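Subject: Structure handover

Hi,

Here is the structure for your files. My notes follow below it.

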Amino acid sequence: MPVSRSTSFMFPVILFVCMGALPCLPAQADSTPGLRACAALEDAMTRLACYDALAAEQEMARLKAAREEIETAPGLAEAPTAMELRVQQSRIVRHNWFAMTPYRPNYLLPVAYNHRPNQDPAHQVGRDADVDRMEVKFQFSLEFDVWRQMLGQDMDLYFAYTQQAWWQMYNSGESSPFREVNYEPELGVILRPDIRFLDMNLRQLRLGLVHHSNGRGDPLSRSWNRIFATAILDRGDFATALRVWHRIPENAEEDDNPDITDYYGNFEWYAFYKWRRSTFGFMVRNNLDRDDNRGAVQVDWSYPLSDRLKFYMQYFNGYGESLIDYDHSTNRFGMGLMLTDWL
């Protein structure tokens with residue numbers, strides 16, 4: 001485990017804390033201008049986008065009011081789904097070209113206990129160092145539009161960035177280094193068919209290219225590139241997403257992890273359910289190899305503490321929690337705080 005001063009990596013932590021105050025996030029709906037502010041804009045396209053954002057905010061208020069009314073008097077009508085509310089939140093800030101919205105969940109787990117941490121990477125670089133079972137894990141994930149309405153009203157080009165980190169904060173004997181940081185930029189298109197499929201609403205189709213690496217040199221370098229397709233469906237307070245991918249082949253001499261798909265497989269399936277104020281999540285991936293089966297599961301639970309902050313618990317078991325551990329089975333439980341959820 002290479003020594004790396006933790007202070008040099010404080011920016012992601014500070015960013016996570018500050019994200020709760022960013023006006024670009026969906027929670028800040030009150031940043032949308034009113035009719036007078038929109039009318040004062042000189043550029044026609046900017047003015048139209050401003051009106052669209054204002055209409056989205058009003059629609060968001062209507063959906064929330066309808067949901068609250070139906071929750072207090074069930075059976076009167078069909079409540080807006082949790083996914084509808086999530087999508088509508090993102091639309092509120094679309095008039096601002098510099099706005100970034102959450103992509104995957106943003107969370108900080110000060111308590112992240114791994115029953116059997118992987119000691120091999122440290123030994124590969126000749127260090128006689130132990131990896132603590134207790135560490136800090138966090139993730140921040142954002143996306144923004146690159147080109148809206150690219151080939152029509154229902155297709156956008158987007159860029160997303162996700163970063164995960166595993167920080168040995170409590171390992172003072174090793175100067176509290178960051179054990180692993182994974183970087184995942186993604187470029188793709190979003191289609192919004194909004195059609196019925198398998199008695200559910202097909203909300204989005206995403207197609208694109210993703211790069212996943214840990215930014216390290218040999219022998220600890222790990223990376224791969226994939227083309228992917230994701231389908232997102234919902235019904236009521238239940239939502240599900242299926243993401244499938246194909247790895248882009250690399251030169252055998254330059255491939256740091258030629259067997260990575262044996263552990264990650266070629267798909268991830270997510271399921272989310274909002275029950276009262278709680279949100280439950282489930283993820284599974286598998287290589288579908290009967291003779292040498294490998295995969296992973298993750299179970300999530302979050303509960304709001306305020307309008308902006310949630311209590312969050314996460315359990316992960318299997319391969320590929322991080323790239324450095326892609327071929328090492330992890331059994332981890334964590335709890336902490338979440339800024340943005342799937343729903």
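In which strand is the place of Phe138? Phe138 sits in strand S3. Strands here are DSSP runs of E with at least two residues, helices are runs of H or I with at least four, and both are numbered from the N terminus. Phe138 has 1% relative accessibility, so it counts as buried. Buried means under 20% relative accessible area, with a 1.4 Å probe and protein chains only. The C-alpha atoms of Phe138 and Trp166 are separated by 6.9 Å. Along the chain these two are 28 residues apart.

Ground rules. This is a predicted model, where local features need pLDDT of at least 70, side-chain atom pairs count only at pLDDT 80 or more, and totals for chains, interfaces and linings use all residues. Residues are numbered from 1 along each chain as its sequence is written, and side-chain values use heavy atoms, with hydrogens and water left out.

The chain overall. It has six helices and 14 strands. Of its 343 residues, 49% are buried. Take contacts (heavy atoms within 4.5 Å) between residues at least 6 apart in sequence: 59% of them join residues at least 24 apart.

Cavities. The whole structure holds two cavities of 30 Å³ or more. A cavity is a set of points on a 1 Å grid, over the protein atoms alone, where a 1.4 Å probe fits but cannot get out; lining residues have an atom within 4 Å of a point. Points are joined across faces, edges and corners, and volume is the space filled by probe spheres set on them. The largest cavity has about 490 Å³ of space. Its lining has 36 residues, and Arg104, Gln139, Gln164, Tyr270 and Gln298 lie nearest its centre. Strands that each supply at least two lining residues include S3 (134-147), S4 (155-167) and S5 (178-191). S11 gives the largest share, five residues. By class, the lining has 14 nonpolar, twelve polar and ten charged residues. Nonpolar means Ala, Val, Leu, Ile, Met, Phe, Trp, Tyr, Cys and Pro; charged means Asp, Glu, Lys and Arg; the others, Gly among them, are polar.

Thr340. This residue lies in strand S14 (residues 330-340). Thr340 is buried, because its relative accessibility is 13%. Its side chain makes a polar contact with the side chain of Asn106, at 2.7 Å. Such a contact is a pair of N or O atoms within 3.5 Å; within protein, one must be able to donate a hydrogen and the other to accept it, and residues adjacent in sequence count only if both atoms are side-chain atoms. Leaving out residues up to four places away in sequence, Thr340 touches Pro102, Arg104, Pro105 and Asn106.

Best regards

Technical notes. On a 1 Å grid over the protein atoms alone, a cavity is a set of points where a 1.4 Å probe fits but cannot get out, and a pocket is an open set with protein on both sides within 12 Å along at least five of seven lines; lining residues have an atom within 4 Å of a point. Buried means under 20% relative accessible area, exposed over 50%, partly exposed in between (1.4 Å probe, protein chains only).
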